[in-house]
Amino acid sequence: METLSTRCCIAGGGPAGMMLGFLLARAGVDVVILEKHGDFLRDFRGDTVHPSTLEIMYELGLLDEFLKLPHQELHQATAQIGPFAVTIGDFSHLPTHCKFIAFMPQWDFLNFLAESGRRYPSFHLLMNREATGLIEGNGSVCGLHANTREGPLDIRADLVVAAAP
Ligand SMILES: Cc1cc2nc3c(=O)[nH]c(=O)nc-3n(C[C@H](O)[C@H](O)[C@H](O)COP(=O)(O)OP(=O)(O)OC[C@H]3O[C@@H](n4cnc5c(N)ncnc54)[C@H](O)[C@@H]3O)c2cc1C
């Protein structure tokens, strides 16, 4: 049985878990993220990154680097109705830096967050680790049990966050 200790343990390396992990590590908080899959090439989860998300990337200082990844930009959406081409969406008026939807697979987005997080020494992303239950003591949650290929793992943490369905 391997045992780790951290300030915050997050179960689930989806957008929610990865972003929280990034934000905590950026603030100097030691964080362990458990992701049950070995990579982010999991179920298809869409490929649109919306202007509000891109704005957050801007606020975090990540936008320029993020937009270097292969993507396509949708500035306006048009529908053909009979002989008429009708504009059904126009993002040019949005109060955001990116006035478009970026098309990029979610796994590229997650890999980017993982790479950005790894710049901070307190960011620990553990792939192939499946959270299986809570560790409880003195009436409160104080960690997680996890399964790994090498055997069981216990993670003690001041805060446990479930970011997995
Ligand atoms: C078909 C589809 C298309 C979509 N298209 C878009 C889109 O184009 N644009 C958009 O913005 N949103 C889209 N969404 C929504 C978007 O995918 C979700 O809002 C987002 O993935 C939710 O993120 P999350 O981190 O909360 O959960 P999830 O993405 O579900 O992430 C949870 C993570 O936890 C891991 N996990 C699960 N159980 C455990 C465990 N016990 N231990 C460790 N890890 C575990 C999973 O492997 C997963 O990586 C789409 C969703 C679907 C289903």
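**Ground rules.** I number residues from 1 along each chain as its sequence is written, and side-chain values use heavy atoms, with hydrogens and water left out. Since the model is predicted, local features need pLDDT of at least 70 and side-chain atom pairs count only at pLDDT 80 or more, while totals for chains, interfaces and linings use all residues.

**Helix pair.** I looked up α1 (residues 15-26) and α4 (residues 106-117); helices are DSSP runs of H or I with at least four residues, strands are E runs of at least two, and both are numbered from the N terminus. The two helices pack at about 20°, axes 9 Å apart; the axes are lines fitted to C-alpha atoms over the stretch in contact, and angles run from 0 to 180 degrees between N-to-C directions. That makes α1 roughly parallel to α4 (under 35 degrees; over 145 is roughly antiparallel, 65 to 115 roughly perpendicular, the rest oblique).

Who touches whom? In α1 I found Pro-15, Met-18, Met-19 and Phe-22, and their α4 partners include Phe-109 and Leu-113 (contact means heavy atoms within 4.5 Å).

**Strands.** Next I checked the open sheet, three strands in the order β3-β7-β4, with antiparallel pairing (strands pair if DSSP finds at least two bridges between them). Its edge strands are β3 (48-49) and β4 (72-74). Three bridges join β4 to β7 (residues 101-103), and Glu-73 has Ala-102 as its bridge partner in β7.

**Hairpin.** I also saw β5 (residues 76-81) pair antiparallel with β6 (residues 84-90) over six bridges. Ile-81 is bridged to Phe-84. Two residues sit between these strands, and Gly-82 has a positive phi near 60°.
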